[in-house]
Amino acid sequence: MFYKLLIGLFLCLCVCVDLFADEPVNFDFFGDKPRSLAKDFYIYEYLQSDAVTPKEAKALFGMVHTMNIRFFHLFAKKMDNLEYKKISKCVDLDVSSLMKEDDECFNIGINISKVTSLSKSQLKLIKPRLKHNKELVNLITIMESENVYEAALNSDGNTFLSLYNGSITSYKAAIFNQQLIPQAQIDMLSNYPKFNSLIYSTVLNDKLDNVQKSLLHVTPSVHVSAKSLFYLGLNALKYKEKAQAIHFFELSNERASKREEKDRALFWQYLITQDTHYLERMMESSDINMYSLYAYEKLNLPYKNIVSPVLEGTHPSFNISDPFAWPRIMNKVYKMSAEEVESLAQSFKYANTLPHYSYLMERVTHYAKNYYPIPYPEEISSYSVHRQALMLSIARQESRFIPSVVSTSYALGMMQFMPFVARDIAKKEKLEDFSISAMFDPRIAYLFGNIHLNFLEKSLYHPLFVAYAYNGGMGFTKRHLQGGAFSQGAYEPFWSMETMINEESREYGKKVLANYVVYRHLLGDDVLISNLFEILLQPALSDRFRN
């Protein structure tokens with residue numbers, strides 16, 4: 001196979017692929033490494049070895065940059081700490097299993113979500129077991145009431161919101177969705193920061209239609225965020241209250257601190273009114289996003305604030321594939337003035353460190369300039385313009401093209417492959433002696449990215465759907481589309497783009513789509529974002545996936 005031969009050649013020629021061939025990853029390896037996500041990843045990998053001692057695990061625990069529950073479980077398994085082992089065991093138990101454990105374990109694992117799955121008779125059994133958790137005891141007391149809804153309404157706003165937000169959907173629907181919540185109560189609740197969670201979980205859940213209707217005419221306090229106001233606007237549109245929707249969208253624009261949030265609110269006001277004044281207001285934006293790109297197009301204006309540097313040469317000393325080199329730089333950057341960062345950026349003004357230069361310069365300009373570099377172009381020059389643009393769009397969103405980056409979930413390198421996915425590709429390509437550190441080489445990252453995109457584009461016909469699948473998985477994307485998304489209807493395809501339940505994939509898809517339009521432009525093969533929007537609605541559901 002061509003890819004096998006090509007990757008094999010790179011694995012042989014690239015001396016930095018196996019970064020630590022001369023430095024085995026043992027306990028001593030971690031001593032001089034900066035606290036970073038890269039260090040976390042190698043600790044996580046090392047902890048899975050049978051050779052790790054409890055003493056080593058305890059020492060490594062103190063070196064962690066970002067702890068997560070998966071990481072904690074692994075430490076608990078390796079350490080001689082009975083308290084950690086108990087926490088690890090109890091925190092993930094379901095409520096039925098917790099009720100069989102001792103009181104200490106029960107109190108570690110119990111929460112309001114688990115409690116709302118119980119009957120009132122079961123609540124009486126667990127209430128005496130709760131120790132030092134007055135909030136949960138208080139919520140259970142309300143849940144034991146003959147009329148839980150009235151008892152919740154008569155409690156203080158913080159208690160009401162804790163019960164509502166913490167409840168599983170079936171409990172929300174059974175208790176809170178039987179009638180409209182009084183307007184005075186909704187207005188009072190808006191004075192609490194937790195009201196934002198109520199808005200978000202309600203507007204995107206069609207099983208809570210009465211609670212949705214209760215939100216239609218809320219008078220939002222200063223605690224209601226720009227994001228929440230935007231979803232209040234969508235909620236108003238769902239019930240055909242256009243004037244109220246415009247009101248909420250305008251408030252969202254006023255309260256937003258991020259330019260993309262402002263552009264989104266203005267874009268939706270334009271969709272409702274078709275008044276180009278809203279598009280003109282978007283031209284105040286320095287941000288490049290799918291909303292501002294649409295406005296540029298409709299107003300027949302050229303894109304602005306896009307920078308795509310072309311550099312030459314090789315940095316004399318910086319190893320782009322060393323996962324600890326960039327964290328060492330960034331630990332200094334956080335303490336630098338803008339002038340110092342700009343001076344540092346100039347030291348990275350080489351072709352092989354184009355991503356690092358672009359990252360620092362974007363920071364220097366406070367993101368008033370949008371950097372769209374095309375690093376290592378020779379590695380993708382044989383691909384179609386569409387594939388080049390798609391790969392660049394994903395890499396920009398995943399890593400800003402930094403070859404050695406590690407994410408909080410331990411996705412690796414420029415194309416951010418999870419280790420198990422990279423190893424699976426290597427296995428299918430029959431690559432022997434594959435080192436996961438190879439993902440920090442941009443050539444390998446591009447090659448693996450191309451292989452993965454070949455797989456995704458066998459079924460998915462649109463850059464947006466490919467982005468969804470790249471981020472959330474093929475199964476998730478197919479379920480979303482087969483569930484009725486992107487059907488013909490009012491405000492489509494934008495409605496489906498804004499209401500996808502998976503927030504990470506939703507926002508990721510929009511950003512990649514905007515990147516794709518820009519990179520097509522930079523590669524000399526312009527595509528209209530309005531055409532890409534129209535394509536989303538063209539095929540019938542049965543044609544959405546190629547055989």
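Is D102 buried, partly exposed or exposed? Select D102: at 37% relative accessibility, D102 counts as partly exposed. Keep in mind that this model is predicted.

**Stop 1: the partner of D102**

K86 and D102 form a salt bridge, with the closest N and O atoms 2.7 Å apart. Side chains of opposite charge can pair when their charged atoms come close. K86 sits in helix α5, while D102 sits in the loop between α6 (95–98) and α7. The pair links distant parts of the chain, 16 residues apart. K86 is partly exposed too, at 24% relative accessibility.

**Stop 2: the disulfide**

Which residue forms a disulfide with C90? Select C105: the sulfur atoms of C90 and C105 are 1.9 Å apart. A search of the whole structure finds 1 disulfide. Turn the view to look along the S-S bond. The angle about that bond is -120°, and the link of C90 and C105 is left-handed. C90 lies in helix α5 (residues 82–90) and C105 in helix α7 (residues 103–109), so the link ties together parts that are 15 residues apart in sequence. Both C90 and C105 are buried.

**Stop 3**

Next, select E144 and K127. These two form a salt bridge, their closest N and O atoms 3.1 Å apart. E144 is in the loop between α10 (134–143) and α11 (148–153), and K127 is in the loop between α9 (120–126) and α10, so the pair ties together parts that are 17 residues apart in sequence. E144 is partly exposed, with a relative accessible area of 24%. K127 is partly exposed as well, with a value of 25%.

**Stop 4: E362 and R400**

Move on to E362. How far apart are the closest N and O atoms of E362 and R400? They are 3.5 Å apart, and the two residues form a salt bridge. E362 belongs to helix α24 (residues 354–364), and R400 to the loop between α25 (385–399) and α26 (419–428). This pair links distant parts of the chain, 38 residues apart. E362 has a relative accessible area of 4%, so E362 is buried. R400, at 28%, is partly exposed.

**Stop 5: a network**

Select K227, E498, E503, R506, E507 and K510 together. Salt bridges that share partners join these residues into one network. Across the model, the count comes to 22 salt bridges.

**Stop 6**

Keep K227 in view and select E261. Where is E261? Look in helix α19, residues 259–273. E261 touches K227, along with A226 and A256, leaving aside residues up to four places away in sequence. Is E261 buried or exposed? E261 is buried, yet has no salt bridge. The nearest side chain of opposite charge is R264, 4.3 Å away. A salt bridge needs the nitrogen and oxygen within 4 Å.

**Last stop: confidence**

Colour the model by pLDDT. The protein averages a pLDDT of 93, and 94% of the residues score at least 70. Now select residues 12–22. There pLDDT stays under 50. The model has 24 contacts beyond four places in sequence for residues 12–22.

Methods
Residues are numbered from 1 along each chain as its sequence is written. This is a predicted model: local features need pLDDT of at least 70, side-chain atom pairs count only at pLDDT 80 or more; totals for chains, interfaces and linings use all residues. Side-chain values use heavy atoms; hydrogens and water are left out. Helices (H or I, at least four residues) and strands (E, at least two) are DSSP runs, numbered from the N terminus. Buried means under 20% relative accessible area, exposed over 50%, partly exposed in between (1.4 Å probe, protein chains only). Lys and Arg count as positive and Asp and Glu as negative; His and the chain ends are not counted. Contact means heavy atoms within 4.5 Å. A disulfide is a pair of cysteine sulfur atoms within 2.5 Å. pLDDT is the predictor's confidence in each residue, from 0 to 100.
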